[in-house]
Amino acid sequence: MTTTVVHVLRHGEVHNPDKILYGRLPGFKLSELGAQMAKAAAQALADRDVTHVVASPLERAQETAEPIAAQFGLPVAVDERLIESGNWFEGKRVSPGDGSFRDPRNWWVLRDPLTPSWGEAYRAIAERMFAAVHAARVAAEGHEAVCISHQLPIWTLRRYVERKRLWHDPRKRQCGLCSLTSFHFDGAKVVGIGYSEPAAHLVALSPNARHAKGA
């Protein structure tokens, strides 16, 4: 069998002064610290056998991909399946204590946390992400690929591959900014999953990192 590794990288910190859930909204780019995080991720991959780089179409993912692609002299491909999940609260402030979850007008959206009712179904997210990772595996067969995506899609994908229930507590996601969730394949079969945080030292400098929205 052929061994291939697909690294799924979460983008870096986003400039979001209004602290809204930005989701799929255009115009949300990396902060200065986020750009440094992207460079740290690129440095962590410098000695890897990367032959394919592909990213979500959103600006923050494209910008995170740039130093990695430049390092290996590769173009950045785009895969719509790596995009952030859809969310009814997109464009709104939903921080704890801001009242969004206590507002009765929003309760109908929160009626089903298992699907969930406020956004794209976890199953749909998992299946599109799994398809995107397999496409990257084929493109980099025998080598390594990097897919740049977003927190919820990456975590949902991991739980799907690990055959765990897809609904979960968002506070317990293991998917920090510019973290790498690495899927090791033997042929088309996932035989291992790794996780690392090459930008952890930079994340620690950010007062907003723990509460990043629409990530």
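**Helix α2 and the cysteines**

Author: Keep in mind that this is a predicted model. The buried residues of α2 are covered by elements including β1 (3-10), α1 (32-44), β2 (50-55), β3 (76-78) and β4 (144-149).

Reader: Which residues of α2 are buried?

Author: Arg60, Ala61, Thr64, Ala65, Ile68 and Ala69 are buried. An α-helix has 3.6 residues a turn, so residues three or four places apart point the same way.

Reader: How do you know that the span of helix α2 agrees with its 14 residues?

Author: Helix α2 covers residues 59-72.

Reader: Where in α2 is the kink?

Author: The kink is at Glu66, shortly before the proline Pro67, and is about 30°. Just after α2, Gly73 has a positive phi of about 65°.

Reader: How many disulfides does the structure hold?

Author: It holds 0. Take Cys147: the nearest cysteine sulfur is that of Cys175, 13 Å away. A disulfide needs the sulfur atoms within 2.5 Å. Cys147 is therefore in no disulfide.

Reader: Why is Cys147 called buried?

Author: Its relative accessibility is 0%. Buried means under 20%, so Cys147 counts as buried. Cys178 has a relative accessible area of 0%, so Cys178 is buried too.

Methods:
Residues numbered from 1 in each chain as written. Predicted model: local features only at pLDDT ≥ 70, side-chain atom pairs only at ≥ 80, totals over all residues. Heavy atoms only, no water. Helix = DSSP H or I, 4+ residues; strand = E, 2+ residues; numbered from the N terminus. Expected span 1.5 Å × (residues − 1). Bend = angle between axes of the 7 residues up to and from the residue. Buried < 20%, exposed > 50% of the residue type's maximum accessible area, 1.4 Å probe, protein only. Contact = heavy atoms within 4.5 Å.
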